[in-house]
Amino acid sequence: MWDDHILLREISDVLFALSMLAMLYGAGWYAVHQPGLFPLHTVRLEANPLRVDVPAVFRTVRGEVNGNFFTTDIERLRLALEKLPWVRSVAIRREFPDRLMVRLEEHQPLARWNDSALVNRQGEVFSAESGQLLPDFVGQEGTSTEVAQSFGQFSRQLAALDLQIERLALTPRHAWQVQLNNGLVLELGREEMQRRLARFVAVYPYGIAAMQGNIRYVDLRYRNGFAVGGSGKG
């Protein structure tokens, strides 16, 4: 092999090319990691948020951005921004040569959760302060998505009566209770909730509406009827 001059020349050319690539890579890595080169000059929000505190966003950016355009840890910054109140998710992209663009997705509040937090329209629990008038959800940990989905289904059924849900509770026994904005409490139980609610919607205009000032709740957990006013059955 060592007498094959053509092969030796080809090997030499390959080694030379590899060494040049290594040198170029090293020089590029060195240049990119120099703090004085490719500095970040601008961080912009794609849109002005409605609820997120913008000064808090930029304070977080100043605290988390270390390095230049190439070396700033985008994932670390994203995670830090997602800890801010009202921030549901964050997307960040680099725009050469010196800018970061930040897109914030805000939580859209649907209800209050157990008097201690809020629930967004995806059924996710989050912590934030809100003076907005919202319905109350009550449920066990991990059931917020189910409660939010049932709220949507029940609300669509009640829309025919121009009634809204003020409080929706899912008990530890997985029974549903609905409090309406006219003061009525509906006991739906643990099964066939939509069918039971449909029965209420059907009969409400023909009797219950006239009695609603004299009754406190409607128990719909009976197979062929319902009870009003009393404590109902367990």
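The following questions and answers go through how some terms apply to this predicted model.

Analyst: Residues are numbered from 1 along each chain as its sequence is written, and side-chain values use heavy atoms, with hydrogens and water left out. As the model is predicted, local features need pLDDT of at least 70 and side-chain atom pairs count only at pLDDT 80 or more, while totals for chains, interfaces and linings use all residues.

User: Why is methionine 211 called partly exposed?

Analyst: Buried means under 20% relative accessible area and exposed means over 50%, with partly exposed in between (1.4 Å probe, protein chains only). Methionine 211 has 35% relative accessibility, so it counts as partly exposed. This residue lies in helix α6 (residues 208-211), where helices (H or I, at least four residues) and strands (E, at least two) are DSSP runs, numbered from the N terminus.

User: How do you know that the length of helix α4 agrees with its number of residues?

Analyst: The expected span is 1.5 Å times one less than the number of residues. The 15 residues of helix α4 (residues 144-158) should therefore span 21 Å, and the end C-alpha atoms are 21 Å apart, which agrees. Among the buried residues of α4 are Val147, Phe151 and Leu158.

User: What makes β6 and β12 edge strands?

Analyst: Two strands pair if DSSP finds at least two bridges between them. The open sheet of nine strands has the order β6-β5-β4-β7-β8-β9-β10-β11-β12, with mixed pairing, and β6 (125-126) and β12 (227-228) each pair on one side only. Within this sheet, two bridges join the parallel strands β4 (residues 109-113) and β7 (residues 136-138), and tryptophan 113 stands opposite phenylalanine 137 in β7.
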